[in-house]
Amino acid sequence: MSGAPTSTPPRGGRTRPSRHWVSDFQHWEIATIHQLEHYLRTNRFYGLLGFVVVISGLSLGFQVDAGVAAVRVEQLYRTSEYLSNFLAYTPLWIILAAAFFGGDALSIDFSSGTGYYTLVLPIRRPVLLAGRYAAAALVTLAIAGVYYAFALAGAIYFFSASSVPWAHVATSFGVAALFALAALSVAFCVSAFLHSPAAGVLVTVLALYVGFTVLQSVLELAGLEPWFSLPYAGGAMATVLDTDFIHQQNVPLGADQYYIVWVATVTEGVLIMAGYVAAFLPLSAYLYQRKESTG
Amino acid sequence: MNMGSFEVRHLSKSFRAGAPALRDLSFRYEGAGAVGYLGPNGAGKTTTLKLLVGLLRPSSGHAFLNGVDPMVDRKRALWDVGALIETPEPYPTLNVHEALDHVGRARGLSRDDVDGEVDRCHELLDLPPLGHRIGWLSKGQRQRVAIAAALMGDPSVLLLDEPTSGLDPAERVVVRRLLYRLKRDHLVFMSTHQMVDVTEVCDDLIFLHRGRVLVRDRLDRVAGRIHSRQVDVEFARPVPTEGLAEVRALATQVTAVSERRLRISFDGHDETRVRLLELCRNLGPVIQFASTSLALEEAYVELIAQTSEAS
């Protein structure tokens with residue numbers, strides 16, 4: 001060897017398998033499918049799916065038990081109001097799914113042997129990240145889609161299929177998709193920053209749900225609009241369907257006292273979500289690219 | 001076929017200030033053959049391999065795979081390289097075929113060629129059933145799958161970090177024979193603690209200690225530097241114990257391995273070796289009188305001891 005190895009005789013008469021150069025887009029497809037195959041067999045996917053089905057089913061079941069008339073009175077006789085109320089909880093499911101599927105999506109490469117399997121392949125890390133991001137987005141949207149299906153089933157049962165504002169529902173789901181991308185961007189960034197997968201999931205839930213919700217409440221008491229909060233932006237999913245939408249509402253507390261409740265407009269919500277994607281996704285890619293396998 | 005190569009050039013790596021894990025490492029290999037990478041735990045062997053594949057960033061210097069720095073273009077650098085580093089773990093939810101399919105397709109194999117390569121690896125390494133999930137496999141089975149992943153697509157350079165770790169003796173033999181065949185037309189760089197892996201597979205050796213190269217040479221020359229201090233003697237008939245007094249007087253230790261076999265430790269001098277052979281012949285017909293395969297291990301221990309004393 002030169003060091004020294006010398007000649008390169010044929011491989012025992014065996015023909016070497018032909019290999020074609022793989023574009024980044026093809027690698028992205030391979031990474032996405034690989035990650036999807038994994039996610040769709042995990043306990044966390046079926047656990048979260050089951051949880052959504054049970055909670056949504058119970059909600060719908062109680063409403064059915066109360067009767068059509070009662071629900072119609074409660075929901076102001078309008079299908080869109082019913083859907084808006086039902087879908088107001090969608091951000092919770094999406095944040096949970098984003099934390100479950102994004103919170104450890106990158107840290108797993110540096111905390112277990114997964115990275116020694118995938119990071120030695122000739123795939124650029126940002127492409128690997130993009131594949132995992134796409135797979136996580138698809139499973140997150142699958143979870144959200146199940147919740148939307150329950151909402152639509154209720155709307156059709158209590159009102160009628162013809163009364164469902166399909167275009168608004170589609171728009172709302174589109175906003176939900178953007179919200180999922182924003183939540184996943186934060187989760188991926190947390191995952192790229194931390195070493196522990198469990199910590200990544202926990203920090204994502206704490207930051208996106210508990211942290212922002214508490215901060216939002218405090219700011220509202222101070223009369224400030226929580227324009228930076230992702231859960232606040234998530235309200236846009238319901239706002240799309242809310243015909244009596246009010247952006248800023250004064251809620252009386254007593255004599256001459258009130259506090260302000262803010263609800264994001266659709267445009268505002270979409271801009272906040274897009275901002276989160278624009279800020280956190282490139283940061284995730286940068287951190288992931290720089291991260292070393294020191295374990 | 002492309003000639004594979006790997007190179008490190010003035011490579012250094014520190015994980016914390018004042019404690020370099022690697023210091024100014026430089027070597028280059030090209031073509032076909034096998035290079036053993038030896039050193040005690042913490043010497044920097046795995047760190048070198050991680051730097052080669054871009055899992056770590058050098059503090060200074062460069063690593064090259066097939067002439068490409070993985071810090072500059074990871075995809076091109078790793079394109080024709082199979083690497084087994086630490087304990088690779090495919091997702092436990094995937095089955096063996098899916099785990100290998102992912103690697104094969106990432107390396108540019110068509111679906112048909114992936115199946116062909118999986119069959120080849122299955123045959124070479126006696127892989128577990130392809131439909132079994134990774135999470136169900138034993139440690140040894142996972143290690144064989146990881147080796148198969150490194151071989152998928154038949155890359156010209158193989159970087160292997162303790163490839164026989166976690167394998168049972170029979171599996172180790174299979175892997176060693178495989179590596180021996182592969183080195184004829186691949187460039188294999190193998191870190192290991194198993195001396196027998198090195199003696200049976202490698203042509204060249206690099207001894208690493210505290211992040212520095214102690215010795216880099218042909219395997220036979222390294223082992224030859226240190227005279228073996230142990231011989232195994234096999235007799236045609238059971239050895240009469242009463243006739244061993246003279247042998248014991250010359251040796252530092254005599255161990256009866258069986259009725260017909262002795263292991264004799266001595267000072268390592270050739271004159272003593274010749275005298276021992278004569279004495280053994282006096283005891284009865286000798287079938288075999290050979291230095292033990294520990295020669296390299298002795299060289300290794302001696303080198304480390306010498307370095308420790310010097311420092």
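I began with a pair of helices in chain A. Helix 9 of chain A passes helix 10 of chain A in a right-handed crossing. (A crossing is right-handed if the near helix is turned clockwise from the far one by less than a right angle, left-handed if anticlockwise; helices are DSSP runs of H or I with at least four residues, strands are runs of E with at least two, and both are numbered from the N terminus.) I then listed the contact. Helix 9 of chain A brings A:A183, A:V186, A:A187, A:V190 and A:S191, and helix 10 of chain A brings A:G200, A:V203, A:T204, A:A207 and A:L208. (Contact requires C-beta atoms, placed from the backbone, within 7 Å.) By class, I find seven nonpolar, three polar and no charged residues there. (Ala, Val, Leu, Ile, Met, Phe, Trp, Tyr, Cys and Pro count as nonpolar, Asp, Glu, Lys and Arg as charged, the others, Gly among them, as polar.)

Before going on, I noted the conventions. This is a predicted model, in which local features need pLDDT of at least 70, side-chain atom pairs count only at pLDDT 80 or more, and totals for chains, interfaces and linings use all residues. Residues are numbered from 1 along each chain as its sequence is written, while chains are lettered from A and ligands numbered from 1 in the order in which they are written.

Next came the geometry. The axes of helix 9 and helix 10 (residues 197-221) of chain A come within 9 Å and cross at roughly 135°. (Axes are lines fitted to C-alpha atoms, for helices over the stretch in contact; angles run from 0 to 180 degrees between N-to-C directions.) The two helices are therefore oblique to each other. (Under 35 degrees is roughly parallel, over 145 roughly antiparallel, 65 to 115 roughly perpendicular, the rest oblique.)

I moved to helix 8 (residues 125-158) of chain A. It packs against helix 9 (residues 166-193) of chain A at about 140°, with the axes 9 Å apart. This crossing is right-handed. Which classes of residue make the contact of helix 8 with helix 9 of chain A? I count 16 nonpolar, one polar and no charged residues. Among them are A:Y133, A:T140 and A:Y148 in helix 8 of chain A, and A:F173 and A:F188 in helix 9 of chain A.

I turned to the interface. 38 residues of chain A are in contact with 49 residues of chain B. On the chain A side, the largest share, five residues, comes from helix 1 of chain A. That side divides into 15 nonpolar, 16 polar and seven charged residues. The predictor gives the complex an ipTM of 0.85 and a pTM of 0.86.

Last, I checked the sheets of chain B. Three strands form an open antiparallel sheet in the order 2-1-4. (Strands pair if DSSP finds at least two bridges between them.) Strand 1 (residues 4-16) and strand 2 of chain B pair over nine bridges. B:R16 stands opposite B:A19 in strand 2 of chain B. Helix 1 (residues 45-53) of chain B packs on this sheet, touching strand 1, strand 2 and strand 4 of chain B.

Another open antiparallel sheet of chain B has four strands in the order 11-12-10-13. Its edge strands are strand 11 (253-256) and strand 13 (286-291) of chain B. Strand 10 (residues 230-235) and strand 13 of chain B share five bridges. There B:V231 stands opposite B:S291.

Key: Two residues are in contact if their C-beta atoms, placed from the backbone, lie within 7 Å.
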